[in-house]
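Here is a short tour to read alongside the model. Keep the viewer open as you go.

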Amino acid sequence: MKSSARVVVIGGGVVGCSVLYHLTKRGWRDVMLIERAELTAGSTWHAAGGFHTLNGDPNVAKLQQYTVELYREIEALSGQSCGLHLTGGVMLAGTRERLDWLKMAHAKGRYLGMHTEIISAAEAKRLMPLIDETKFVGAMYDPFEGHLDPYGTTHAYAKSARIQGAEIVLRNRVVDTVQRADGTWDVVTEQGTVHAEHVVNAGGLWARECGRMIGLELPILAMEHMYLLTDDMPEVAEINAATGKEVITALDFEGEIYTRQERGGMLLGTYEKACKPWSEKTTPWDFGQDLLEPDLDRIAPSLEVGFEHFPAYARAGIRKIINGPFTFAPDGNPLVGPIKGVRNYWVACGVMAGFSQGGGVGLALSNWIVDGDPGFDVFGMDVARYGDWTTLGHTNAKVRENYARRFRIRFPNEELPAARPFRTTALYDRLVEGGAVMGDLCGLEHALWFAPSRAEARDDFSFRRSNDFPHVGAEARAVRSGVGVLEISNFAKYEIAGTSAEDFLDRLLPNRIPAVGRMVLTPMLNPAGMLIGDFTVGRLAEDRFLVFGSSLAEAYHMRWFLARAPEGVSVRSLGLELVGLQVAGPRSRDLLARLAQRDVSAAAFRFMDIARFDVGRFPATVGRVTYTGDLGYEIWVRPEHLRGLWDLVLTAGADLGIRPFGARALNALRLEKSFGSWSREYRPIYTPWEARLERFVATQKADFVGRDALLRAREAGPKRILATFAVDALDADVIGDEPIWRDGRVVGWVTSGGYAHASETSVALGYVEAAAFEAAAGYEIEIIGERRRARVLVEPLFDPAGVRMRA
């Protein structure tokens, strides 16, 4: 074993070997993988080996497509067979709601280049003769599903990496990772220490233990997972003889099972509701190529449904039961990327679908290490989507929930209950008592909408307009006609201070830095000129700024800030140290004037001003801006003042008709203004020119991150254009990822939308290919399998000149 390497990858499962291979593919030869036992000696060796391209996040789905296409490449390079069986597969819908979900997944696949097809239950029976078609209402067929040999595939990655210069060291446990003062690493192993520039934690079942070596608690948990292998089945032999092919794969949502052919029999696996974590707090280092004790009683309910839906299985003998642990993140997607505040430490773990996602994870992480950017939009699997607020207990509860729901529908208005409430503000009980239906955003409770009574405060889950519809509409109209109040404590807040704070922000952000007492809106770009942030920046003093952004990206943005902040600049996430309310609507100035201990007239407190002054008896920071696009203010206070401020605002605004509103009404209001949002309209695959944010980019500035790439992009012209559409919808509105059609061809995709209640219009925001964009053209947007007419809105539905918010 050599004593130094540019990169050390810890863990010899399919993910670690993929990362190693992709680093060599990028030309980095001085790379090493260290494995405590043998390759595959964790979760990989006992995996069922299935793969598919479907994922709820279209950007992750693209990387899954890449993974499937990669297998021929590593087979050819290594000479090692992956045991690839590209059989195709059916996803079976037992309910009308599930078929709607499949229609939406099929529609999403149109702009991802997938070749899925919605078929009848009878056609599914023709393709997969083992099913009882009377149990289903339809299905989706995907020709790119199948299975492979986990051992062969992992070794194909490893051999390909070795051929291209990598070193692999087996039977050598990493016992510590210690960072030197210069940011490099000592990887301490049983056989000696390796000095490395970069460390990749691909520890799989032991990723938590590897993370704890540097004081990192990763939000992952191993779950027991069972599948069984049947004896040879005559029905399988008949299908093979009649078709000359294997039995295709099948996924039965109602049975919570997946199945495929295994030799002369079938493999059947389940994600059962009565799931069981494994080794919840620590993973024993001596656990190797071992299996856990089977527990057929736990999966019996799923098997009973499976035997009804696949009658031949009830007649088959069980040859073997496999029960082994796999690691999961709380949302089921991988944890990939650099760790905030830790130089050159990377993770690639929680990849439970390793043979669907392992190649994409390796590609993204190797690009990230080599180029400083993954080269794709990978936020759906970025480790930074979980902040410092996660705990072992919270992770345990959410992973168990995710596992038990893996084959269940997640409706767009469905909030999952596990581990709630977890983080709350002082308003939580006030909101609940007031009839609020609460949502969970990054573990923090916030109001979604308000029911007439606490007894009616519930969501009826649906892909269509639901019971919240009239109440959200009333909230939105109350804001537009009078004044509304919304808690905004769930915004991300950062304090950036120091003598060089202005220079730091001026270099980091493409817009001009505001004067003291003023705010600006600005994107943030990566060196490729792509959008990685969307902020409001307020300047409280020459050397002190408040920056507001999306809570979804708080850890993501803190990682970016900390990696670039120079000496003399302090960057701090304020979290729940700063909480607040938004008051908005044409009567909001009247309300604030009653409470403010200063003049808040239009002349004295202008649009985009920010100042510190008392609101009632409470010291506050107040900004004249709101996401509603109306006249309004954000009032920020310390947490001990929030409850009193809420009561004060409601009392003072009673005769003005003040009404609390929630996040869904806020969404309806921002749609009327064609306001985009981070993670939907603004992501790292779009430039500001494409996102129509050019007014927030000061290209006259001499230098800022991404400037050169941005100017090149402007010269080349946009590849796509963000547009707002009014949709001829019926009882369902867009939720995101629906295809946009023109002249019988898919020319774009929806990023977000909903119903703009105050304007009584169904709205969709989305990107259209530049060559296919014409404001006067006729478009269609596919909603639950049906194309609905859509027209481009050339100006916002509400107050297109922005008179109200500047009044």
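## Strand S2 and its partners

In strand S2, Val9 has Leu33 as its bridge partner. This is a predicted model, in which local features need pLDDT of at least 70 and side-chain atom pairs count only at pLDDT 80 or more, while totals for chains, interfaces and linings use all residues. Residues are numbered from 1 along each chain as its sequence is written, and side-chain values use heavy atoms, with hydrogens and water left out. Helices (H or I, at least four residues) and strands (E, at least two) are DSSP runs, numbered from the N terminus.

Strand S1 (residues 4-10) pairs with S2 in the parallel sense over four bridges; pairing here requires that DSSP finds at least two bridges between the strands. S2 also pairs in the parallel sense with strand S8 (residues 167-169), over three bridges, and there Leu33 stands opposite Ile168. Together, S1, helix H1 (residues 14-25) and S2 form a right-handed β-α-β unit. Right-handed means that, with the strands pointing away from the viewer, the path from the first strand over the helix to the second runs clockwise.

Buried means under 20% relative accessible area, exposed over 50%, and partly exposed in between (1.4 Å probe, protein chains only).

## Helix H3 and Arg110

Helix H3 covers residues 96-112. Its 17 residues should span 24 Å at 1.5 Å a residue, and the end C-alpha atoms are 25 Å apart, which agrees; the expected span is 1.5 Å times one less than the number of residues. Twelve of the 17 residues are buried, so H3 is largely enclosed by the rest of the structure. Among them are Leu99, Met104 and Tyr111. After H3 comes Gly113, with a positive phi near 80 degrees.

Arg110 lies in H3 and counts as partly exposed because its relative accessibility is 32%. Leaving aside neighbours within four places in sequence, Arg110 is in contact (heavy atoms within 4.5 Å) with Pro739, Trp741, Val746 and Glu782.

## Cysteines

Cys82 is buried, at 0% relative accessibility.

Cys442 is buried as well, with a relative accessible area of 15%. Its sulfur is 18 Å from the closest cysteine sulfur, in Cys349, which is too far for a bond.

Technical notes:
A disulfide is a pair of cysteine sulfur atoms within 2.5 Å.
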